[in-house]
Amino acid sequence: MGKKAEMTPAQAAKVINKSVQFVRLGLQQQRLPFRNSSTKAKWQMEL
C-alpha cells in the first residue's frame with residue numbers, strides 16, 4: 001500500500017470542501033472512507 005497521510009478533521013474538511021462538523025460526524029458515524037484514531041489531545045485520520 002501507499003504512504004499514509006495523517007491530518008486533522010479541519011485539514012480534511014478543507015481538502016474535501018466540507019465543514020469540520022461534517023467530517024467529525026462522518027468519522028463518528030463511520031460514513032466516510034477514512035480511518036480515524038483519537039487521542040485525548042486531538043483527532044487524526046488516514047486518507
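A nonpolar core is a set of buried Ala, Val, Leu, Ile, Met, Phe, Trp, Tyr and Cys residues joined through side-chain atoms within 4.5 Å. In this predicted model, the largest such core has seven residues, namely M7, A12, A13, V23, L27, L32 and F34. Two helices, α1 (9-16) and α2 (20-28), each supply at least two residues of this core. In soluble globular proteins, nonpolar side chains tend to be buried together.

Over the protein, the mean pLDDT is 77, and 62% of the residues reach 70 or more. The confidence is highest in α1, at a mean of 91, whereas strand β3 (residues 43-46) has the lowest value, a mean of 55.

**The two sides of helix α2**

Which residues of α2 are buried? They are V23, G26 and L27, and V23 and L27 also belong to the largest nonpolar core. When one looks down the axis of α2, the buried residues fall within an arc of 100°, and therefore they line one face of the helix. On the other side of α2, the residues Q21 and Q28 are exposed.

**Nonpolar side chains at the surface**

The residues V15, I16 and F22 make a nonpolar surface patch of about 260 Å². One of these residues, V15, is found in helix α1, and V15 counts as exposed because its relative accessibility of 59% lies above the cut-off of 50%.

**Two loop residues with positive phi**

The backbone angle phi is positive in N17, a residue other than glycine, and N17 is found in the loop between α1 and α2. A positive phi also occurs in Q30, again a residue other than glycine, which follows α2 and lies in the loop between α2 and β2 (35-38).

**Drawing the picture together**

Helix α2 thus has one face lined by its buried residues, while Q21 and Q28 are exposed on the other side. Helix α1 supplies at least two residues of the core, and V15, which is also found in α1, is part of the nonpolar surface patch.

Conventions: Residues are numbered from 1 along each chain as its sequence is written. This is a predicted model: local features need pLDDT of at least 70, side-chain atom pairs count only at pLDDT 80 or more; totals for chains, interfaces and linings use all residues. Side-chain values use heavy atoms; hydrogens and water are left out. Buried means under 20% relative accessible area, exposed over 50%, partly exposed in between (1.4 Å probe, protein chains only). Helices (H or I, at least four residues) and strands (E, at least two) are DSSP runs, numbered from the N terminus. The arc is that of the directions from the helix axis to the C-beta atoms. pLDDT is the predictor's confidence in each residue, from 0 to 100. Patches are made of residues with over 30% relative accessible area and no salt bridge: like charges are joined within 9 Å, nonpolar side chains (Val, Leu, Ile, Met, Phe, Trp, Tyr) within 5 Å. Accessible areas come from the Shrake-Rupley method with a 1.4 Å probe; for residues, only the protein chains shown count as cover. A salt bridge is a side-chain nitrogen of Lys or Arg within 4 Å of a carboxyl oxygen of Asp or Glu.
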